[in-house]
Amino acid sequence: MIDLIESEGVVASDPKPDLLPKQFQLVHRWELQDELVDTLRQTKHHAGKAGVLLRCHRIFRHWRCSNNHDFAESEHSCSLRICPHCCRRRSLILAGRFEAKLLGKPMNTLRYAVLSERNCIDLAAGIKLLWEAWKRLRRSKTWKKYVKGCIVALEVTRNLKDGTWHPHLNVLMEGEFFPVEQLKQMWVKATEYRSEFAFICAADAGTVRELIKYVTKVSDLVGDPDGLNEFLTAVHKRRL
């Protein structure tokens, strides 16, 4: 049984999606999607992107399984990094994949860390410096002594007051206890004394979800074509 259902013109009134009932969270993403399309059209990245973002998750195919369970599947996904629909889908897939791999590992061997660069005006340059510092850190003898393996993900936040960017890394590591002061000293050295912010704590059940979330809070870029343009330029063809 197959039906095509087109969804347009739906507006969410509550700005807090986490407080909305589950069935209305998609409606909120549609509203954000429309606002992002308007902003994207004002950037140099609009060609070929604004149209596919606008069509994403607008038409759904209705499926019914052999057990008579109904579900809908989008006919078109844009796969853009700023799309609220595709970002959510990708984060859920990655979170499920990593949670499955971590299942069964002793929780006392897992730790969550945040490693930050100083705020920057040029996002591309800031991301490059951050990854270079990360490479120096993970190649150090002390890091190899404490850490057996890790998953790292880039996250970027935007300071709306002064327009600066705050790139940082979320790290889920497996290994021995890592003294936070020692990690801070190592991070200072790895960043060549640009930053001393390093945070570490024991991992819990929600750590993977925190790690594999959106690369940036796309709602912060709505109505900011210059910021959106710089973000898309800085992350183009970058592994995050």
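# A guided reading of the predicted fold

At 12% relative accessibility, Thr164 counts as buried, a class that comprises residues under 20% relative accessible area, with exposed meaning over 50% and partly exposed in between (1.4 Å probe, protein chains only). The model is a predicted one, in which local features need pLDDT of at least 70 and side-chain atom pairs count only at pLDDT 80 or more, while totals for chains, interfaces and linings use all residues. Residues are numbered from 1 along each chain as its sequence is written, and side-chain values use heavy atoms, with hydrogens and water left out.

Thr164 lies in the loop between strand 5 (147-158) and strand 6 (165-175). Helices (H or I, at least four residues) and strands (E, at least two) are DSSP runs, numbered from the N terminus. The side chain of Thr164 forms a polar contact with that of Asp162, at 2.7 Å; such a contact is a pair of N or O atoms within 3.5 Å, where within protein one must be able to donate a hydrogen and the other to accept it, and residues adjacent in sequence count only if both atoms are side-chain atoms. Leaving aside residues up to four places away in sequence, Thr164 touches Asn119, Cys120, Ile121, Thr157, Arg158 and Asn159, contact being defined as heavy atoms within 4.5 Å.

Two strands are taken to pair if DSSP finds at least two bridges between them; strand 4 (residues 110-116) and strand 6 are joined in the antiparallel sense over seven bridges. Within this pair, Leu115 has Leu169 of strand 6 as its bridge partner.

Axes are lines fitted to C-alpha atoms, for helices over the stretch in contact, and angles run from 0 to 180 degrees between N-to-C directions. Helix 4 also packs with helix 6 (residues 180-190), at an angle of about 125° and with the axes 8 Å apart. These two helices are therefore oblique to each other, given that angles under 35 degrees count as roughly parallel, over 145 as roughly antiparallel, 65 to 115 as roughly perpendicular and the rest as oblique.

The buried residues of helix 6 are Leu183, Met186, Trp187, Val188 and Ala190. They pack against strand 4, helix 4, helix 5 (141-146) and strand 7. After helix 6 comes Glu192, with a positive phi near 55°.

Elsewhere, strand 2 (residues 59-64) and strand 3 (residues 70-74) run antiparallel and are joined by five bridges, and Trp63 has Phe71 of strand 3 as its bridge partner. Their hairpin has five residues between the strands, and Asn68 takes a positive phi near 65°. The axes of helix 1 (residues 25-40) and helix 8 (residues 225-235) come within 9 Å and cross at roughly 85°, which makes helix 1 roughly perpendicular to helix 8.

Overall, the protein has eight helices and seven strands, and buried residues make up 42% of its 240 residues.
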